Amino acid sequence: MADRRRVNGPAGGTAPPVYAQQAAGFQNTRRSRMRGPNQIRKLFLKTGLTPSASGSAYLEFEPSLGQNGVPGRLSDRPSALKLTCTVHGPRPLPRSAPFTPQLLLSAHIKYAPFASRQRKGYVRDANERDLAVHLESALRGVLIGERWPKSGVDVVITVLEGEEDCLEDEPFASTDSEYSRSKGLGMMSVLSGCITVASAAIVDAGIDCVDFVIGGVAAVARPPLTNKQKAKSRVKSDYAESIWQILMDPSPAEHEDLDAFCVVGYLQSRDEVTELWVKGNTPNKGDSQDQEETVLDVLTDRAVEAAIAARHVVVEAFKESNKFRIQSHSPDQG
Amino acid sequence: MSRHKLIKQLDLEEELDDYDGGALYDNDENQGISPEDQGTFIIAIVNGEYRLRQGTIRVRDVLGPGFEISDARIQESLWYYYYDVEKSVNYLLSEQTSSNTKPKQKGADLKLSAVDGKSDLNCRCHRRWVENDYDLDFGAFNDPDVPIIHSVTGSSYFKPDVMSTFFNDAPWCNIPPGRQGEILIEPLYPPGRLMGGSSFQGDAKVSKLAAIAAARRMKEDARSRSGTVTSSVALLDKLGNKMSLETPNELEMAPKAATVKPLNPVQADTSKTSRKYPVRERGVLNSNTPEDAIPPVESIISERKRDPETFSIPIALPSAFARTILGPSFERAPTSGQDGPPCDLVGSPYHFFFDVADAKMDAFAEPSPDDVVLKAQTSKGTKTTKSGTGDEIRAVTSALGDVAISEAPKYKSKNLDVLAEFKKTQIKPTANFVVIGHVDAGKSTLMGRLLYDLKVVNKRTLDKYRKEAESIGKSSFALAWVLDQGTDERKQGVTIDIGMNNFETDKTAFTILDAPGHRDFIPNMIAGASQADFAVLVIDASTGSFESGLKGQTKEHALLVRSIGVQRIIIAINKLDTLSWSRDRFDEIQQQVSAFLTAAGFQPKNLAFIPCSGLTGENIVDVSTNVKASWYTGPPLISLLESSEPFARALEKPLRLTIDDIFRGGVQNPLSISGRIDAGSVQIGDIVITVPSNETAITKAIEVNSEPSDWAVAGQNVILHLANIDPNYLKTGDVICSLAAPIKPLSIFTMKVLAFEHILPMAVEVHRGRLHAPGRISKLAAVLDKASGKPKEGGKKVRIVKPGSVARVVVEVDEPVPLELGGKVVLRAGGQTVGAGLLE
C-alpha cells in the first residue's frame with residue numbers, strides 16, 4: 001500500500017543533470033572583455049509588464065558571449081542580470097500607521113531561489129537587505145514625496161538572474177587575495193540594475209520624480225601585464241602610470257583582477273548623485289605630486305558616464321511605451 | 001519711462017565719449033589719497049608701464065610685422081590680460097578676424113571707437129582696484145554694479161562723474177520727482193532646468209529669457225567647436241561687440257554671459273577624444289592662475305549634443321526569456337493589414353495596460369476618508385449656523401426632515417402590502433393560550449405531556465429529564481421540565497417565568513404560554529396572559545387541593561385573565577387518576593368552578609370542562625382507554641384547543657408590540673427583541689419607534705416561530721432584529737410602535753376598575769403585560785353600577801371601593817407609561833391583585 005502520509009514524487013522520476021567538470025576541449029576560463037573600456041553592456045528594458053502593479057519594469061543585460069561570439073557550454077555560461085520591478089502605490093497607508101507628511105518609500109530586493117548558482121533561501125539575507133537600503137537611499141532623492149502625504153509606495157524587485165562573482169569551478173569563499181579583490185562586484189552591478197529598473201518602474205507608475213535615477217558601475221582594473229610592463233613594475237611601484245585602467249560596467253564574469261569598483265545613482269538633468277558606493281582600494285596616481293583628481297574621482301566619473309549611457313535606454317523604452325499610449329488613445333486607430 | 005526705452009534711446013557713442021575725460025577723473029581720485037599711498041601707487045604705475053612696454057614688444061614679435069595694429073591697442077589688451085602675452089595675442093587675432101568677417105553695419109570706425117570707449121572704462125575700473133588694495137583681480141570687472149546702471153527716470157542719463165554731487169541740491173526727503181530713481185529688483189526666477197524646465201530646445205514654447213539664453217548657448221557651442229577661441233577670449237570678444245548690438249536685453253545679459261565657465265582649450269581637446277558617450281564636464285575649481293581668475297559661477301553641466309556617428313544607444317534585443325514573458329509576438333511581425341492595432345505593439349505588455357489602467361488610478365480617485373469627514377463637518381456646520389428668521393428656521397427644519405429620511409435604510413424595505421400578503425398566504429390560524437391555575441395543579445406537567453404526545457419533544461429528551469429528575473428525587477417533575485427550562489425552576493419544582501413553546505396540529509399553530517402558579521410570580525403570569533387568546537385553567541382534583549386552589553390562585557388567575565380580556569377558557573380537571581376517575585368529584589368541581597367563572601363574567605358557552613391526567617396522559621391527545629374513565633365521552637384536550645375559533649386580529653391598526661424580552665440574537669444581530677404583536681403589522685426595513693424612550697430603530701430582520709420572515713402581523717409571536725438603536729433605550733415592557741402613530745406615554749389616567757380587594761387611595765403597581773410601573777390611586781372618582789355602567793349614588797364622595805364592585809379611579813404613575821385607550825390594566829398592591837380594568 002502506498003504511503004499516503006507523505007507527498008510522494010511522481011512515479012517516473014528523472015535524475016538531475018550532472019555536468020562533467022572538465023570536459024575535453026573546453027577550458028573553463030573566464031571570458032575576456034570584448035568591448036572597449038568605455039562601452040557598457042547592452043540593456044533591454046521594458047515597462048508596464050505587470051498589470052496588477054501601478055508601475056513595473058523589466059531589465060536585463062545582454063549576456064556576454066564567448067570568445068568568438070559563440071556561447072560556451074551551458075554550465076559555463078556567465079550570468080546576465082535579469083530584474084523585474086513592481087511598484088505598488090502611491091496608496092493610502094493603513095489607518096493604524098502614524099502620520100507621515102511624505103510618501104513613505106519601502107524597497108524590497110529579493111533574489112529568486114534560482115537566481116544564482118548558490119541557491120538562495122526564501123528569507124531575505126543580509127546582502128539583500130543591504131541592497132534594499134542602498135536602493136532606498138538612491139530612490140528617495142528623486143521622489144517628490146511632499147506631494148503624497150499619508151501614502152506609501154512599495155518598490156519590489158525580484159532578481160531573476162543575478163550576477164555572480166565567481167564561476168562554478170571556483171571556490172565560493174576563496175581566500176585567494178586575487179580573487180577576493182573582485183568579490184562584491186556582482187552585488188554592485190545588481191544594485192546598479194536595481195536602481196535603473198526601479199526608477200523606470202516608478203516613472204511608469206506615474207509617481208512624481210525630479211528625474212530618472214540611473215545606476216552606473218565602473219571599476220579599476222589591472223590589465224594583464226606585458227613582459228615589459230612587468231619588468232617595469234618590479235622596479236617602480238605596483239601601480240605605475242597607465243598600468244591601471246578604468247572600465248565602465250564591468251561584468252563579473254569577465255574580470256578577475258579588479259581593485260575597486262563604484263556604483264552611482266545619477267540624475268543627469270540635475271547632475272546629482274543620490275547614491276555612491278565604492279568598494280576596494282583605489283590606487284594612487286603615478287605622479288603623486290600634483291593630484292588634481294584622484295583615481296576615485298575618475299572612477300566616479302566613469303560610473304556616472306555609464307549611467308548616462310544607460311539612461312538612453314530608459315528614455316528609449318519610455319518613448320516606445322508613450323508611443324503606444326498615444327496610439328491606443330487616439331480613436332481612429334481602431 | 002521704462003528702462004528698455006531709455007537704453008534704446010541712448011546714444012552710446014556720445015555717452016562713452018564722455019568717459020574719455022579720464023584725466024579729470026584721475027585727478028579727482030588722486031586728490032583723495034595720502035602721499036604714501038601716492039608713492040606706492042606711482043611705483044606700481046611705473047612698474048606697470050615697464051611691463052607694458054616689454055609686453056608690447058613681445059606681442060609685436062609674435063604677431064609679426066605683417067600684422068597691422070596700434071601700440072595703444074596692444075597695450076590695452078595687455079592691460080586687460082595682466083601682461084599675459086599669449087592671451088593678448090589670442091585676443092588681438094580673434095579681434096582682427098572677427099572685424100574682418102563681420103558685415104559692417106555701422107562702420108568700422110564706430111565699432112572701434114566703441115571698443116575704445118569700453119576699454120577705457122575697463123581700465124578705469126582696473127585702476128580703481130589698484131588704488132584700493134593693489135589686487136589685480138579682474139573679477140571686479142564682473143561686478144554687476146559697475147557697468148550696469150539699471151534705470152533712471154528722467155530725461156538725461158546721469159554721468160558717473162557727478163554722481164557724488166548728484167543729491168547735493170536736493171532737500172532731504174524731498175527729492176524732485178524728476179530725479180527719483182525707480183528701484184527695480186530683479187524677480188527671483190526659478191533656477192533653470194530643475195523640476196519643470198525642459199532642457200530640450202525647440203518644440204516647447206520658451207520664455208524670452210530662456211530663448212536668449214538658448215541662443216547664447218548655441219553660439220557658444222559653435223564657437224567652442226571651432227576650437228580656436230577660449231571662452232575668456234570670447235568674453236572679451238562679446239564685450240567688444242556688444243556696443244554694436246541694439247537689443248537692451250542683450251545688454252542686460254552681459255553680466256550673466258560673463259559667468260560662462262572658462263574652458264581650457266587643452267582640456268577640452270582631451271576630453272573630446274577617447275570618450276564614447278556624451279561626457280559630463282568636470283568643473284575645475286582650484287586653479288589660481290590669473291587667466292582662470294573668473295570663477296565658474298554656474299557649475300551646471302551643459303548637455304552637449306551627442307555625436308551621431310560615434311554614439312549608439314546600448315539597447316539590446318530581448319533575450320529568449322524576455323521574449324517569453326513579453327508574449328509570443330513581441331518581436332516585430334511583418335505588417336499584415338492596414339486596420340487593427342499597430343502591429344509592432346500587438347502582444348506587447350501594453351496590451352493589458354489599458355485594461356487595468358482604470359483600476360490603477362482608483363486608489364486616490366475618490367475623496368480620502370479625511371476629506372469626507374471634513375466635508376461632512378463643514379456642511380453640518382453651515383447648516384447649524386443658519387439661524388434667525390423664520391424662513392431660515394423652516395429651512396433648517398425641513399432640512400432636518402430630509403436628514404431623517406436620508407438616514408434610512410441600508411436594510412431595504414420591500415414595501416410589501418403586508419395585509420395582502422397575509423391574506424394570500426393561507427397559513428394556519430394561530431392561537432396563543434395561557435395555562436393558568438393554582439400552584440402545583442400540574443400545569444407544566446400537563447403541557448409537557450401534551451408536547452410529548454404530539455411528538456414535539458422526543459422520547460430521548462424526556463428520558464434524559466426523567467433520569468435527571470430521579471437523581472434529585474423529583475421523578476414526577478420530568479414532564480414539567482419540558483417547559484421549565486431554568487435551573488431555579490427545576491431545582492424548586494416551580495415555574496417562575498412564562499414558559500413558551502410552539503406546536504402545530506393539522507388545523508392550527510399553537511403557542512403555549514405556561515404561566516407560573518405561585519402567587520409570588522403573578523406579574524409574570526399577567527405578562528403571559530396578556531399575550532393569550534384563550535386560557536386553559538388547570539385544577540387539581542385531589543382532595544383539599546381544589547378547595548385551597550379555589551381560594552388561591554385558581555380564583556385570582558381566572559379573574560385576571562378575564563379582566564385582561566380572555567373570554568374563552570378550558571378547564572382541565574387534572575390528577576383524576578389519583579381519584580380513580582371519580583365522576584362525582586368531577587361533577588362537583590365542574591359545578592363550583594362554572595358558578596364562580598360565570599360570576600366572574602365568563603359566558604357559560606365559552607367554558608369547557610375535561611377530566612384528564614397530565615402524568616399519565618389520559619384525555620390529553622388521545623381519549624382515555626381506562627374503563628373507569630369511560631363515563632367521559634367528550635373529546636380530548638387537543639380537540640378542544642383546536643375547536644377554538646380564530647380570533648379577530650387588529651391588523652389594520654398601527655403597530656403595537658410590547659417587548660417581552662431583549663437579547664443578543666447573535667453576532668449579526670446584536671440587538672433583538674421578542675414579543676407578541678398586539679396590533680398592526682411590521683416588515684423588514686420598517687422604521688419603528690420605541691415608547692417611552694422615543695427612539696427610532698430599523699427593523700433589520702423578522703423571525704416568526706424561529707423562521708425568517710419578511711413581515712409579521714398581529715397575533716404572532718415574533719423576534720425583531722433591530723438596528724440603529726442603542727440597547728439602553730429599550731427595556732422589557734416598552735412598546736414598539738409604528739413611526740406614524742406612536743403611543744403617547746401617560747403619567748396620569750382614568751380607568752374603570754373591577755376591585756378584587758378593598759381599594760383605597762393608595763400606592764399600587766400598574767401592570768400591563770410585561771410592563772409594570774409604580775404609581776398610586778390618586779382619586780376614587782365613582783363607584784359604577786355593574787349592569788348599566790353608570791355612577792351609583794351620585795354626588796357622594798367615594799372613600800372606599802369594596803371587593804367585587806366596579807369603580808372609576810384616577811391613577812398616577814411616577815414615570816410615563818405607554819398606555820392606550822382601552823388598554824387592560826391590572827393594579828396590584830402588596831403582592832395581591834387589588835383590581836383590574838380598562839383605561840378610559
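Helices (H or I, at least four residues) and strands (E, at least two) are DSSP runs, numbered from the N terminus. The expected span of a helix is 1.5 Å times one less than its number of residues. In this predicted model, local features need pLDDT of at least 70 and side-chain atom pairs count only at pLDDT 80 or more, while totals for chains, interfaces and linings use all residues. Residues are numbered from 1 along each chain as its sequence is written, and side-chain values use heavy atoms, with hydrogens and water left out.

Helix α1 of chain A comprises 15 residues (126-140); at 1.5 Å a residue it should span 21 Å, which agrees with the 21 Å between its end C-alpha atoms. Its buried residues (under 20% relative accessible area, 1.4 Å probe, protein chains only) are E128(A), L131(A), A132(A), H134(A), L135(A), A138(A) and L139(A). They cover an arc of only 165 degrees around the axis (taken from the directions from the helix axis to the C-beta atoms), and therefore lie on the same side of α1(A). The face turned away from this buried side carries A126(A) and V133(A), which are exposed (over 50%). Among the elements covering the buried residues are β4 (104-111) and α3 (185-205) of chain A.

Two charged side chains lie over ring faces (NZ of Lys or CZ of Arg within 6 Å of the ring centre and within 35 degrees of the ring normal):

| Charged residue | Ring | Distance from ring centre |
|---|---|---|
| K120(A) | Y111(A) | 4.3 Å |
| R51(B) | Y82(B) | 5.2 Å |

F433(B), F503(B), F510(B) and F534(B) form one aromatic cluster, where rings of Phe, Tyr and Trp (its six-membered ring) pair if their centres lie within 6.5 Å. F503(B) is buried at 3% relative accessibility, and F510(B) is buried at 1%.

Notes. Chains lettered and ligands numbered in written order. Phe/Tyr/Trp six-rings, centres within 6.5 Å; stacked < 30°, edge-to-face > 60°. Contact = heavy atoms within 4.5 Å.
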